[in-house]
Amino acid sequence: MPTVAFALFATPLGHCGIAWGTKGLTGVQLPEADEATTRLRMQARYPRAPEAAPPPEVQTAIHAIVALLAGAPTESRDLSHLVLDMEGVPPFHQRVYALARHIPPGETLTYGELAHLMGEPGAARAVGQALGANPFAPVVPCHRILAAKSGAGGFSAPGGINTKLHMLLAERARFNGPGLFDE
């Protein structure tokens, strides 16, 4: 993906990274252990891209991501309007990401349900592998896809399952019924 630059930004989870090119966002990085480690991860992912001040459209994306991770009101948590540059992303992964982006904040699906929606009911593992390679978390909300029987499943982002659960709690997620905070 042709990345022009990247930037770090503070969120309730820690410092995230965001990279962009001429066609949209080329990557989003959930926080590592600290700001310096997140910067090193971004430099490794985008070795030819400098750290720079984000242009207005990327600043808009940053505000939206911060709102999501802060548990802002429902209408502020939708990131589906953000433009992603999918150049270099395998076609199967693109299909998984497109469907995942249609899962509303606070809602969840299982890997198997997402595979079924794709018309490939036996592809739950492949869906999980695609989400594990997601270069756009949380814009592609892989945290909203769970293992069967409401298990959290894996989460390859820094912080692992704790990060996934924190993000779901911030969204007041629903797990096979009323939301966690509904009466």
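Visitor: What makes the group that holds Ile18, Leu25, Leu131 and Val139 a nonpolar core?

Guide: A nonpolar core is a set of buried Ala, Val, Leu, Ile, Met, Phe, Trp, Tyr and Cys residues joined through side-chain atoms within 4.5 Å. Buried means under 20% relative accessible area, with exposed over 50% and partly exposed in between (1.4 Å probe, protein chains only). The largest such core has 41 residues, and the four you name touch the most other members. Its contributors of at least two residues each include strands S1 (5-11), S2 (14-21) and S3 (24-29), and helices H2 (56-69) and H3 (91-100). H2 gives the largest share, 7 residues.

This is a predicted model, where local features need pLDDT of at least 70 and side-chain atom pairs count only at pLDDT 80 or more, while totals for chains, interfaces and linings use all residues. Residues are numbered from 1 along each chain as its sequence is written, and side-chain values use heavy atoms, leaving out hydrogens and water.

Visitor: Which residues are in contact with Leu25, leaving aside its neighbours within four places in sequence?

Guide: Contact means heavy atoms within 4.5 Å. By that test the partners of Leu25 include Ile18, Trp20, Val58, Leu84, Phe136 and Val139.

Visitor: How do you know what counts as a helix or a strand, and how many are there?

Guide: Helices (H or I, at least four residues) and strands (E, at least two) are DSSP runs, numbered from the N terminus. The protein has 6 helices and 5 strands.

Visitor: Why are S2 and S3 called a pair?

Guide: Two strands pair if DSSP finds at least two bridges between them. S2 and S3 have 5 bridges, in the antiparallel sense, so they meet the rule. Ile18, already met in the core, stands opposite Val28 in S3. The open sheet of 3 strands has the order S1-S2-S3.

Visitor: What makes S1 and S3 edge strands?

Guide: S1 and S3 each pair on one side only.
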